[in-house]
Amino acid sequence: MSPSLTARAHSTAGIEYELSADRALGVKGHDWFGHAALSHQFASASKALRASQQMAKDAAEFDKLDDEQKAAQQAQFAAQMQNSLYNLMAVDIESTVASAVAKCCTDTSVSKDVAASAPR
């Protein structure tokens with residue numbers, strides 16, 4: 001994964017971690033119903049849908065090119081595909097992080113005070 005995509009993955013995971021932990025621990029305005037997390041998940045799903053549509057469009061346009069044009073635009077095409085694939089994977093990354101946070105924050109072996117004092 002390229003450095004820019006790695007940075008985006010860390011940012012995505014961090015945002016999802018914060019939203020999930022806030023919901024589980026009841027902080028930041030006591031968003032008990034998880035509206036912020038749901039809004040973020042909806043935005044991510046929307047990005048994934050747009051990315052899949054863009055991938056199909058880009059692939060169809062690339063297939064129309066002759067061999068010389070394909071060779072000249074191969075790096076740009078690869079970068080576009082990598083970006084689109086990241087947007088597709090982001091939904092899975094975020095759901096995995098949210099699930100892990102939910103499990104950690106609802107761990108009954110520690111008190112709510114200990115869970116709330118966990119490093120962010």
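Leaving aside its neighbours within four places in sequence, which residues is L88 in contact with? Before we get there, a word on what you're looking at. This is a predicted model, where local features need pLDDT of at least 70 and side-chain atom pairs count only at pLDDT 80 or more, while totals for chains, interfaces and linings use all residues. Residues are numbered from 1 along each chain as its sequence is written, and side-chain values use heavy atoms, with hydrogens and water left out.

Let's start with the overall layout. The protein has 4 helices and 0 strands, so reading from the N terminus you get α-α-α-α, with helices (H or I, at least four residues) and strands (E, at least two) taken as DSSP runs and numbered from the N terminus. Of the 120 residues, 28% are buried; buried means under 20% relative accessible area, exposed means over 50%, and partly exposed is in between (1.4 Å probe, protein chains only). The protein exposes about 8000 Å², and carbon and sulfur atoms supply 60% of that. Those areas come from the Shrake-Rupley method with a 1.4 Å probe, and for residues only the protein chains shown count as cover.

Now back to the opening question. L88 sits in helix α3, and its contacts beyond four places in sequence are A48, A51, S52 and M55; contact here means heavy atoms within 4.5 Å. Take S52: it is 36 residues from L88 along the chain, yet the two C-alpha atoms are separated by 7.1 Å. L88 counts as partly exposed because its relative accessible area is 32%. Across the protein, if you take contacts between residues at least 6 apart in sequence, 70% join residues at least 24 apart.

Next, follow M55 into the largest nonpolar core, where M55, F62, L65, F77 and M81 make 5 residues in all. A nonpolar core is a set of buried Ala, Val, Leu, Ile, Met, Phe, Trp, Tyr and Cys residues joined through side-chain atoms within 4.5 Å. Helices α2 (35-64) and α3 (67-105) are the elements that give two or more residues to this core.

The structure also holds 1 aromatic pair. F62 and F77 form it, and they are stacked, at 4.1 Å centre to centre with 10 degrees between the planes. The pair links distant parts of the chain, with F62 in helix α2 and F77 in helix α3, 15 residues apart. Rings of Phe, Tyr and Trp (its six-membered ring) pair if their centres lie within 6.5 Å; planes under 30 degrees apart are stacked, over 60 edge-to-face, and the rest tilted. F62 is buried because its relative accessible area is 13%, and F77 is buried too, at 17%.

What about the charged residues around here? D58, in helix α2, is buried yet has no salt bridge, and the nearest side chain of opposite charge, K57, is 6.0 Å away. A salt bridge needs a side-chain nitrogen of Lys or Arg within 4 Å of a carboxyl oxygen of Asp or Glu. For charge, Lys and Arg count as positive and Asp and Glu as negative, with His and the chain ends not counted. Past four places in sequence, D58 is in contact with F77, Q80 and M81, while M81 is in contact with M55, D58 and A59. K70, in helix α3, is partly exposed because its relative accessibility is 24%.
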